[in-house]
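Please open the structure in a viewer and keep the selection panel at hand. The tour below moves from one selection to the next.

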Amino acid sequence: MLLQNKVLLILFFLNAPLFLCAQKNARSDMASLLKLSLEDLMNIKVTSVSKNSEKLEEAASAIQVITQADIHNSGAKTLPEALRLASNLQVAQVNSSQWAISARGFNNVLANKLLVLINGRAVYTPMYAGVFWDVQNVLLEDIDRIEVISGPGGALWGSNAVNGVINVITKSSKDTKGFYAEAGAGSNLPGTASLRYGGKLNDKITYRMFGAGFHLGNTQLTNGSKANDEWTMGRAGLRMDWDVTPKDLITFEGSIYSGRPNPDGNDTSIIARGDNLTVRWSHSASARSDFQLQFYYDHTLRNFGNGFKEVLKTYDIDWQNRVALSDRHEVTYGANFRIMDHNVTNLPLFGFFPGRKDLYLYSAFAQDKIALIKDRLRFTIGAKIEHNSYTDFEFQPNARLAFTPTKKQTIWAAVSQAVRTPSRIDRDFVAFLAPGLAFIRGDSNFVSETLTAYELGWRIQPSKNLSVSASSFYNVYDNIRSAEPGPIPPFNIPITFGNGVKGASYGIELSGIYQLTSWWNLKGGYTFFKKDLSLKSGSKDANNATAESDDPQHQFVIQSKVILPARFEFGTVIRYIDKLPKPYVPSYFGLDLRVGWRPSKAIELNLVAQNLLDKYHSEFIPASPSAREIERSIYGKVTCRF
Amino acid sequence: MGLKRLWFALMLCCFAVIVHAQPGEQEANLKAAFIYNFTKYIDWNQHDNANTFIIGVIGASPVIASLKEIAETNTVESKKIEIRVFDNPDQIEFCNILFIPETTPYPLSSILEKTNKGMLTISEEPEFARKGTAFNFVIKNGKLKFEANLKALGQADVKAGSQLLKLAIIVN
């Protein structure tokens with residue numbers, strides 16, 4: 001019998017006695033509960049799905065929330081691994097440090113249609129409007145939740161939130177007091193260690209400081225040899241939360257990091273460094289009105305090791321005010337100003353011109369949530385207007401209708417427009433074959449890609465322990481980037497980026513949470529996605545309307561959390577990703593298992609096996625470097641909390 | 001080959017769906033335990049002349065099964081516990097405790113107007129204590145707590161001991 005089937009059978013039998021005990025547990029539960037005093041009863045944690053989905057019930061959009069419990073249960077070691085738990089995201093590991101992550105398709109290492117925020121700080125590079133995932137590291141233990149919204153967030157979040165928004169929210173320092181230390185290593189994990197201490201300065205000020213580092217193992221080439229892409233990353237940070245008055249909270253956080261990702265497996269790795277600082281003031285004037293003022297500074301440096309270097313300094317100030325004008329109108333509005341000082345050191349034949357450019361972004365948004373029929377029908381209308389350095393003004397409106405026929409059900413529909421404004425690569429990039437002879441270049445006429453999205457969704461909580469949601473969408477795209485051949489034979493260079501692709505995509509995202517018993521929770525989702533792109537008239541796109549993307553038609557994720565006797569926990573994550581069309585990557589199943597044990601309140605031991613079903617598998621083939629395969633691995637981790 | 005793996009993988013996680021498991025049993029059991037504990041601190045004055053202690057429930061709820069389990073082997077002031085389920089407000093008869101589940105489709109006012117002295121109302125829906133039930137379960141920080149409406153307790157002419165009230169969130 002195949003190894004993987006053997007493993008599965010063993011696990012099945014491991015679980016079977018638990019199922020048979022389920023009924024018996026219910027009886028002994030009641031008898032033991034009655035032995036407790038009222039005070040003891042009030043100390044027991046209640047399990048139900050509703051506390052997590054309280055906000056979700058209100059949300060008239062396709063939102064999935066990855067909770068701290070989900071992350072802990074899955075055995076994820078890094079932020080991208082944790083993002084796999086959202087079934088409305090396409091997450092593909094490319095090599096040891098690079099990931100292709102997107103929502104609603106158009107996935108690529110350089111995916112540019114997703115806005116990613118960490119505590120409100122946007123983490124994308126204007127070089128190509130994408131995210132360098134190797135430097136987005138957060139201490140996973142300190143993540144409160146990750147909100148994943150699939151669908152255009154342009155009206156609230158601005159441009160580049162075309163297909164979705166990921167918002168990583170960390171815990172307040174009030175909730176992370178004490179020492180936290182962890183250390184782990186495994187078959188493909190040379191090591192990971194983190195240390196965090198949280199305390200309070202006085203009654204009103206709490207803080208935490210952390211230091212962490214990891215050394216992640218390599219992937220392998222398709223011919224079986226090591227890819228030499230192992231890499232290290234270290235970071236440290238500090239957060240402070242100050243309750244200045246009962247109505248005012250000031251949060252101050254900063255971090256610094258330095259790492260050496262090496263996706264190409266070269267002798268000299270990339271050096272990626274950065275530091276950032278965020279200050280946020282939240283004021284709640286009353287139950288009906290509050291505002292938030294946030295300032296952040298983000299500095300990143302990436303030295304590619306061959307002379308090409310990118311230094312980015314971002315200064316952002318953001319204001320948001322929410323006020324309930326009347327019983328029926330809740331208005332949220334705000335303004336934002338951002339400067340991105342983007343400084344590239346070019347190679348002789350490859351670079352961005354000018355090397356250094358200051359990009360300015362000014363925007364304002366307003367949104368009104370109108371209760372047409374109180375507690376039953378709500379209409380939300382909003383828009384964001386933005387001015388950027390490339391295309392001047394962009395307008396992104398959004399209208400949403402939410403119908404709540406019963407307290408446990410919401411049906412919603414939305415129409416939105418969103419844009420992906422040009423990034424440096426679309427306008428300022430040139431690669432030369434020889435001095436004066438360009439072969440790929442951006443174009444000063446490159447305009448924003450646009451999306452008009454039609455969405456329909458349904459969310460229902462049929463019982464206290466089951467919550468289900470379905471979202472469908474039909475996206476109409478225009479002016480998607482194409483690679484237009486040039487006049488010079490024989491290769492028709494220079495290839496110039498144009499806006500020659502249009503088309504539509506559509507799909508459905510299903511998700512649900514089911515608390516079967518007090519000790520067993522299931523959470524998961526399925527996404528169906530199809531894309532239909534074509535060339536606009538006059539376009540001779542060298543990529544043939546593929547929009548440089550590679551997306552699966554089906555995918556699903558199922559997470560299982562089991563609380564076992566004797567302080568053991570058992571986590572399972574199963575995922576299925578359908579084949580990617582071009583470059584072709586076969587479909588695969590991923591199975592991650594975690595066994596956790598807390599022998600005492602302070603110590604936790606974990607054993608995690610990842611990608612169990614295949615010795616090696618490929619998830620995404622990038623344009624460069626060469627295709628890699630992810631291997632099956634196992635690691636152990638010791639955690640102390642006191 | 002892929003299909004076989006799919007079957008095994010799904011079996012791991014979905015097997016117990018076939019096995020009977022009461023959803024939300026811990027919460028239902030917990031609430032039933034609370035209700036039973038309340039009886040130790042409440043004085044029904046003279047309003048409980050019956051030979052049994054009656055807990056009425058208007059509508060369906062997983063708490064009913066938990067209450068029935070308690071009734072099998074426990075008593076209140078040496079009286080056997082009887083569980084009565086009312087399908088609609090018109091069917092409500094005298095009971096020492098009337099439990100109003102969150103899934104009840106009837107407006108609270110139509111239920112409360114059928115209650116008389118000696119009937120302690122307990123609910124599990126946000127705002128219900130403020131709207132007139134004597135006790136109301138709420139979940140705070142993942143733990144079960146309860147609100148108390150002193151005015152409603154007074155109207156039901158039922159006395160709650162101070163040890164109980166000091167654990168409650170007084171709403172009125």
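**A sheet in chain A**

Begin with an open sheet of five strands in chain A, ordered 1-6-7-4-5 with mixed pairing; strands are DSSP E runs of at least two residues, numbered from the N terminus, and two of them pair if DSSP finds at least two bridges between them. Strand 1 (62-67) and strand 5 (121-122) of chain A lie at the edges with a single partner strand each, so one side of each has no neighbour in the sheet.

This is a predicted model, in which local features need pLDDT of at least 70 and side-chain atom pairs pLDDT 80 or more, while totals for chains, interfaces and linings use all residues. Residues are numbered from 1 along each chain as its sequence is written, and chains are lettered from A and ligands numbered from 1 in the order in which they are written.

Next, select strand 6 (residues 143-150) of chain A, which runs antiparallel to strand 1 of chain A and is joined to it by six bridges. Here Ile149(A) is the bridge partner of Ile63(A).

**The cores**

Which residues have the most contacts inside the largest nonpolar core? They are Ile66(A), Ala82(A), Leu83(A), Ala100(A), Ile101(A) and Val148(A), in a core of 92 residues. Such a core is a set of buried Ala, Val, Leu, Ile, Met, Phe, Trp, Tyr and Cys residues joined through C-beta atoms within 7 Å; buried means that 20 or more other C-beta atoms lie within 10 Å of the residue's own, with C-beta atoms placed from the backbone. Strand 30 (residues 568-577) of chain A gives the most to this core, with five residues.

Finally, turn to a second, separate core of 48 residues, which includes Cys95(B) and Phe99(B).

Conventions
A residue is buried if 20 or more other C-beta atoms lie within 10 Å of its own, exposed if 12 or fewer, and partly exposed in between; C-beta atoms are placed from the backbone. Helices (H or I, at least four residues) and strands (E, at least two) are DSSP runs, numbered from the N terminus.
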